[in-house]
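Hi,

Here is the structure I promised to pass on. My notes on it follow below.

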Amino acid sequence: MTTKSGQERRRAYRKPVKVEVQVGLEKAHGLVYFDTSDISSSGAFLVSDLLLQIGERMNLTLHLPGEKLPVAVKARVVRVNSEPRKRPNDPPPGMGIEFTVLSKDDEPKLERFLLANQAAHQKK
């Protein structure tokens, strides 16, 4: 995400990657599935036409490639993009989410995944 002056506002490396995410909403029963378009140690972008409200909280289960067990995260919606793509480089509709709680057991799994993918991305 960039500001009007073109400066990057993200706090962490964001890897463009499709990861399946299982979402349990705090105010609803049942599960919804999304794919990410990118993920970092502090959040992700969930691609979807089903959009939640900014501030809405959720429980996520991330199924990271290369990890045997999923990563459980609590998160909240911080940005919503409801605009359909007009050009190929436009962002897809979906939601930017911020991770609010990541367990001590799951934090290394996410970091391992991101570091491995960051190293591969930098070699290109």
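Arg112 is partly exposed, as its relative accessible area is 47% (buried means under 20%, exposed over 50%, partly exposed in between, with a 1.4 Å probe and protein chains only). Its side chain meets that of Glu67 in a salt bridge of 3.1 Å, N to O (a side-chain nitrogen of Lys or Arg within 4 Å of a carboxyl oxygen of Asp or Glu). This pair links distant parts of the chain: Arg112 sits in helix α1 (residues 107-123) and Glu67 in the loop between β4 and β5, 45 residues apart. Helices (H or I, at least four residues) and strands (E, at least two) are DSSP runs, numbered from the N terminus.

Before you read on: this is a predicted model, where local features need pLDDT of at least 70 and side-chain atom pairs count only at pLDDT 80 or more, while totals for chains, interfaces and linings use all residues. Residues are numbered from 1 along each chain as its sequence is written, and side-chain values use heavy atoms, with hydrogens and water left out.

The salt bridge count comes to 7. Another one joins Glu83 and Lys86 at 3.8 Å, N to O; Glu83 is partly exposed at 45%, and Lys86 is exposed at 64%. Arg87 and Asp90 also pair up, at 3.4 Å, N to O. Which of those two is buried? Asp90 is, at 17% relative accessibility, whereas Arg87 is exposed at 56%.

As for the strands, a closed barrel of 6 runs β1-β2-β3-β6-β5-β4 with antiparallel pairing (two strands pair if DSSP finds at least two bridges between them).

Cheers
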